[in-house]
Amino acid sequence: MEEKKYCYKYPHPAVTADCVVFCIDGDRTSVLLVERGGEPFKGYWALPGGFLNPDESAEQAARRELEEETGLKVPRLEQLGAYSEPGRDPREWVITIAHIAIVEKQDVKGSDDAADARWFPVDSVPPLAFDHARILADALRHCNFNG
């Protein structure tokens with residue numbers, strides 16, 4: 001039996017999942033960022049994340065992308081919110097579901113489409129790709145961290 005495809009007359013957005021991962025090392029809070037290995041924003045730093053596969057939830061995609069891009073597995077993710085402003089991604093109409101995790105500091109390594117992965121003190125974050133500065137600011141407020 002052939003699988004039925006969905007057909008709608010309205011355009012549909014792509015959906016991504018992004019992760020804001022914090023670690024607290026003494027009195028310093030850091031955030032995990034990846035250096036983008038491809039366009040758009042090649043060479044810029046960004047939150048780990050990417051597009052959902054058709055067979056996974058936003059949380060499953062967030063976990064998969066985080067592990068693929070940094071090698072990090074997290075025990076718990078909390079959904080921060082959805083970001084849907086038009087033009088937030090120059091490739092196409094993209095809505096992201098952002099997630100937060102707080103972990104013990106551990107080694108990370110950029111892989112998959114991330115050229116690098118590093119921890120940055122939240123008060124020394126480089127310019128970020130897409131609208132990730134806004135997402136990070138929202139996550140800092142949500143967790144009551146000072147940025």
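Which residue in S6 is the bridge partner of alanine 17? The partner is isoleucine 97. The answer belongs to a predicted model, in which local features need pLDDT of at least 70, side-chain atom pairs count only at pLDDT 80 or more, and totals for chains, interfaces and linings use all residues. Residues are numbered from 1 along each chain as its sequence is written, and side-chain values use heavy atoms, with hydrogens and water left out.

Helices (H or I, at least four residues) and strands (E, at least two) are DSSP runs, numbered from the N terminus. Two strands pair if DSSP finds at least two bridges between them. Strand S1 covers residues 14-25. The table lists its pairings.

| Partner of S1 | Sense | Bridges |
|---|---|---|
| S6 | parallel | 10 bridges |
| S2 | antiparallel | 4 bridges |
| S4 (residues 49-51) | antiparallel | 3 bridges |

Valine 15 has isoleucine 95 of S6 as its bridge partner. Aspartate 25 stands opposite arginine 28 in S2.

S1 and S2 form a hairpin, with 2 residues between them. Glycine 26 sits in that turn and has a positive phi of about 70°.

Is S1 buried or exposed? Of its 12 residues, 9 are buried, so S1 is largely enclosed by the rest of the structure. Buried means under 20% relative accessible area, exposed over 50%, and partly exposed in between (1.4 Å probe, protein chains only).

S6 is mostly covered too, with 9 of its 10 residues buried. S6 also pairs with S5, in the antiparallel sense, over 5 bridges. There, glutamate 78 has isoleucine 100 of S6 as its bridge partner.

## The nonpolar cores

A nonpolar core is a set of buried Ala, Val, Leu, Ile, Met, Phe, Trp, Tyr and Cys residues joined through side-chain atoms within 4.5 Å. The largest one here has 19 residues. Val20, Phe22 and Val31 touch the most other members. S1, S2 (28-36), S5 (78-83), S6 (94-103) and helix H2 (132-142) each supply at least two residues of this core. The largest share, 4 residues, comes from H2.

Another core, of 18 residues, lies apart from the largest one. Its members include Ala17, Cys23, Val34 and Leu72.

Contact means heavy atoms within 4.5 Å. Not counting residues up to four places away in sequence, valine 31 touches Val20, Val21, Phe22, Arg118, Trp119, Phe120, Val122, Val125 and Leu136.

Which residues of H2 are buried? They are His132, Ile135, Leu136, Asp138, Ala139 and Leu140. These buried residues pack against S1, S2, S3, S5 and S6. After H2 comes asparagine 144, whose phi is positive, near 60°.

## The largest pocket

Rolling a probe the size of a water molecule over the atoms shows where empty space is left. On a 1 Å grid over the protein atoms alone, a pocket is an open set of points where a 1.4 Å probe fits, with protein on both sides within 12 Å along at least five of seven lines; lining residues have an atom within 4 Å of a point. Grid points are joined across faces, edges and corners, and a volume is the space filled by probe spheres set on the points.

The largest pocket has a volume of about 290 Å³. Its lining has 22 residues, and Arg36, Gly49, Gly50, Arg91 and Phe130 lie nearest the centre. S1, S2, S4 and helix H1 (58-70) each supply at least two lining residues. S4 gives the largest share, 3 residues.

The lining divides into 7 nonpolar, 6 polar and 9 charged residues. In this count Ala, Val, Leu, Ile, Met, Phe, Trp, Tyr, Cys and Pro are nonpolar, Asp, Glu, Lys and Arg are charged, and the others, Gly among them, are polar.

## Backbone exceptions

Most residues other than glycine have a negative phi, and most peptide bonds are trans. The peptide bond from glutamate 39 to proline 40 is cis, with omega near 0°. Proline 40 lies in the loop between S2 and strand S3 (45-46).

Phenylalanine 41 is found in the loop between S2 and S3. Its phi is positive, about 65°, although it is not a glycine. Phenylalanine 41 counts as partly exposed, at 26% relative accessibility.

Phenylalanine 130 has a positive phi near 50°. This residue lies in the loop between strand S7 (114-121) and H2. Phenylalanine 130 is buried, with a relative accessible area of 18%.
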